[in-house]
Amino acid sequence: MSPRPRLPRILGPKSSLLNHSFPPFYACYLLRSMKTPRSKATYVGSTPNPPRRLRQHNGEITQGANKTKRNRPWVMTMNVHGFPSRLAALQFEWAWQHPHLSRHLRTGGFGENEIAKPIFPRNGKSSLLKTKIMVARRMLAASPYNTWPLRVKLFTEEAIQLWNDAGTEHPGLPNGFEHTTELEGVDGKSWKQGQGMIRKEQPIDVTDVAFTLGHLAKHSSMLASSPLQRCSICNDTIDLATANPLTIALCPTTKCLSVSHLKCLSQQFLAEPQSESHSRTSILTMIPRGGTCGDCQEYVLWGDVVKGCYRRNKGVMGAVVEEAKDMSEEEEGSEDDTEEGSESSSDEENSETDVPVKRPRGRPPKSKTGATAVVGTSRKRVASPKTRRKASPSRSSSRSKSENPLTPVRRGRPRKISISSTSS
């Protein structure tokens, strides 16, 4: 029997395959419960706006996750950002939540009869903050995540200590990796147990203003001075005024003015020896992690080069800011109680498993006076099943008049009937 032919995929207007763009900011984050000093509950999620998402988890604004209501308040310990798309962030989020199931976090399996085993098997320590940070550090060195321009922000002293401790067991990180520390917190407030809040001027930036403004300003100055440039690799002429920005690479370093074809640059980066973490996880490398710029001799991430291409394709900073707002509004409109993310807890006082609340199906619950039906935002009173049966006509025509439920029944002592009236 011949296989069934596959129908062509219909792409919608919002498909990333038709109009792909590099998001200004998208992050996977790790929360820790601060309900009690002994709380150990953690939560992994993804969002384009971490400060707003943290407020939702803590109940300050609406549309927070139902799974995080019980262990409030929460503090964001770290996040991983720099994803090339929303889909890539969701893939990273799922693997971070389920390291025992991810095929990218396995060891062995190279022999014919050898079975690959998970690096982080599921056990009682899987939900601890230490394990979550260790998993994230290991993922950053695994393929395909080591080819993305990912960076890490640490927001608590505990997360900094656990991140450094994880380096002893998983030391390998890809070339050009950066992590920063911001003890003020993702929302501009540092949470230290037993102390008050220390307010910061503003939360973290989610519009990528620094990179976008610098890259666009450098491109504009090059157009004004000399639009005709030469490829730093093949030495062919490149007209910046007419060339497609998605095919021309501009060094993302601030002071470097190196220009090249995107294809030429990728071939040069692939020819360079890759890092140990990148080579041991990629048998056939098609996308480079990065490489050394021929002019400034700085190590440049391939993801930053591609991001610069999309920023120049947008042309103006306002378009990037609007894209960030659209992504936040799109996430806000699609969130509900079963939103993406997972909570895990190992507290002794909260040892039960979180089960999402499901809406009941079928008829609404019965009541003495009638059931309540909710339609939109209005509430209507509808008759209960018993009331409907009483108001309906009798099911059998053979029932007597006294058995008819609509006939009023006289209660009390029966009326006496005299013999004289009966005989007459």
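This is a predicted model: local features need pLDDT of at least 70, side-chain atom pairs count only at pLDDT 80 or more; totals for chains, interfaces and linings use all residues.
Colleague: How many aromatic pairs does the structure hold?

Modeller: A pair of aromatic rings is described by the distance of the centres and the angle of the planes. The structure holds nine such pairs. One of them joins Phe92 and Trp96, with 6.0 Å from centre to centre and 75° between the planes.

Colleague: Which class does the pair of Phe92 and Trp96 fall into, stacked or edge-to-face?

Modeller: Planes over 60 degrees apart count as edge-to-face, and the pair of Phe92 and Trp96 is edge-to-face. The two residues stand four apart in helix α2 (residues 86–97), so about one helical turn separates them.

Colleague: Are Phe92 and Trp96 buried or exposed?

Modeller: Phe92 has 0% relative accessibility and counts as buried. Trp96 is likewise at 0% and counts as buried. For a second pair, take Phe269 and Trp302: the ring centres are 6.3 Å apart and the planes stand at 80°, so this pair is edge-to-face. Phe269 belongs to helix α6 (residues 262–271) and Trp302 to helix α8 (residues 302–314), so the pair ties together parts that are 33 residues apart in sequence. Both Phe269 and Trp302 are buried.

Colleague: Which residues form one aromatic cluster with Phe92 and Trp96?

Modeller: The cluster consists of Phe83, Phe92, Trp96, Tyr145 and Trp148.

Colleague: Which charged side chains lie over the face of a ring?

Modeller: Arg137 lies over the face of Trp163, 4.8 Å from the ring centre. Lys307 lies over the face of Phe211, at 4.3 Å from the ring centre.

Colleague: Which residues touch the most other members of the largest nonpolar core?

Modeller: In soluble globular proteins, nonpolar side chains tend to be buried together. Here the largest nonpolar core has 33 residues, and Met78, Val80, Phe83, Phe92 and Trp96 touch the most other members. At least two residues of this core come from each of β1 (27–33), β3 (74–81), α2, α3 (129–140), β6 (151–154) and α4 (157–169). The element that gives the most is α3, with seven residues.

Colleague: What is Val80 in contact with, leaving aside its neighbours within four places in sequence?

Modeller: Its contacts include Phe92, Trp96, Leu140 and Val152. There is also a second, separate core of 14 residues, with Tyr43, Leu54, Phe155 and Ile204 among them.

Colleague: How many salt bridges does a search of the whole structure find?

Modeller: Side chains of opposite charge can pair when their charged atoms come close. The search finds seven salt bridges. One of them joins Arg32 and Glu158, whose closest N and O atoms are 3.4 Å apart. Arg32 is in strand β1 and Glu158 in helix α4, 126 residues apart, and the pair links distant parts of the chain. Arg32 counts as buried at 13% relative accessibility, whereas Glu158 counts as partly exposed at 37%.

Colleague: Where do Lys153 and Glu182 lie?

Modeller: Their side chains meet in a salt bridge of 3.0 Å, N to O. Lys153 is in strand β6 and Glu182 is in the loop between β7 (179–181) and β8 (189–190), 29 residues apart. Lys153 counts as buried at 14% relative accessibility, and Glu182 counts as buried at 16%.

Note on methods. Residues are numbered from 1 along each chain as its sequence is written. Side-chain values use heavy atoms; hydrogens and water are left out. Rings of Phe, Tyr and Trp (its six-membered ring) pair if their centres lie within 6.5 Å; planes under 30 degrees apart count as stacked, over 60 as edge-to-face and the rest as tilted. Buried means under 20% relative accessible area, exposed over 50%, partly exposed in between (1.4 Å probe, protein chains only). A charge sits over a ring if NZ of Lys or CZ of Arg is within 6 Å of the ring centre and within 35 degrees of the ring normal. A nonpolar core is a set of buried Ala, Val, Leu, Ile, Met, Phe, Trp, Tyr and Cys residues joined through side-chain atoms within 4.5 Å. Contact means heavy atoms within 4.5 Å. A salt bridge is a side-chain nitrogen of Lys or Arg within 4 Å of a carboxyl oxygen of Asp or Glu.
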